[in-house]
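Please read these points with the model open beside you.

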Amino acid sequence: MTKKRVALIFGGNSSEHDVSKRSAQNFYNAIEATGKYEIIVFAIAQNGFFLDTESSKRILALEDEQPIVDAFMKTVDASDPLARIHALKSAGDFDIFFPVVHGNLGEDGTLQGLFKLLNKPYVGAPLRGHAVSFDKALTKELLTVNGIRNTKYIVVNPESANNWPWEKIVAKLGNIVFVKAANQGSSVGISRVTNAEEYAEALSDSFQYDYKVLIEEAVNGARELEVGVIGNDQPLVSEIGAHTVPNQGSGDGWYDYNNKFVDNSAVHFEIPAQLSPEVTKEVKQMALDAYKVLNLRGEARMDFLLDENNVPYLGEPNTLPGFTNMSLFKRLWDYSDINNAKLVDMLIDYGFEDFAQNQKLSYSFVSLGEEKIGKFN
């Protein structure tokens, strides 16, 4: 039987570019381990250009990226309006896209729009699921409207931020808050704030990444939980994982970018999380409810905060969760008796399934014919 050809796309122009490369290596190995697919790789350089497959293989192997990109750019016809995606032709046809582009392009719906335009199956959520979930403010609005518990918050832009001085923030949200760029991922553009000086610095930092900023109350004595969800109409939920960093409950420790991707030697992981049956059931149900409300498909990771009274709050969804050696999403499915090879096989199947289902939708229209305009007084 002819193997299906999978186009694995990684890199991108976000702050998570290097994280994407590490995730892609693990996904590549897992797809290869199934023995069922031929893998074609495409790197997206930080300048937004798709690279040819040979250059992409070298970058996936962690060769020095910049000389490879510089050499490729010398071959680009700058007058071609499609120059950024022209390299997709370098591998011939393929059957399904497997995006591993974290942050911008991959998780905001941009690539999914391209896949739909090309009428190709792809792994993961549709454009609208990614776009809504990537915007932390829109996500919280949808969760709130649908009765899915989340923390109190305020949304500001550069103009309205002046209407929310620190004293007003404290009165509304408490004296410890998190300031986050609404459209960013993996703890970039996020600050823990405890006073007016930190608040001003945090706003300045977050506005580098987005013109919409979320200010969110902190959860007392928080434990952070993560839950994996995969599937389409009948999604599956993984075991629940927990992680804590030094001083997280009572001090200033939190699960930041460094703890996630650089050095998590001080992080304590617990899989499955030691929770009561009632809390376990509630967290899993909240994860499923949010997955459906946000119109997610294929895969996602739901992040939760558990307060000192064991009340769970849904933090945010991750529609293209990290798959590095440090990523909890990868480990959650191992503990749920789904190894990496089986997981990617299921994700690819979900992509084909969702594409086939959407192909049944009608996009027909009624021809207008000759216009007959009414009379205007």
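1. Searching the whole structure gives eight aromatic pairs, where rings of Phe, Tyr and Trp (its six-membered ring) pair if their centres lie within 6.5 Å. This is a predicted model, in which local features need pLDDT of at least 70 and side-chain atom pairs count only at pLDDT 80 or more, while totals for chains, interfaces and linings use all residues. Residues are numbered from 1 along each chain as its sequence is written, and side-chain values use heavy atoms, with hydrogens and water left out.

2. The ring centres of Phe27 and Phe98 are 5.0 Å apart and their planes stand at 55°, so this pair is tilted; planes under 30 degrees apart count as stacked, over 60 as edge-to-face and the rest as tilted. The pair links distant parts of the chain, since Phe27 belongs to helix H1 (residues 17-34) and Phe98 to strand E3 (residues 96-100), 71 residues apart. Helices (H or I, at least four residues) and strands (E, at least two) are DSSP runs, numbered from the N terminus.

3. Phe27 is buried at a relative accessible area of 0%, and Phe98 is also buried, at 0%; buried means under 20% relative accessible area, exposed over 50%, and partly exposed in between (1.4 Å probe, protein chains only).

4. Phe94 and Phe97 have ring centres 5.0 Å apart with planes at 75°, so they form an edge-to-face pair.
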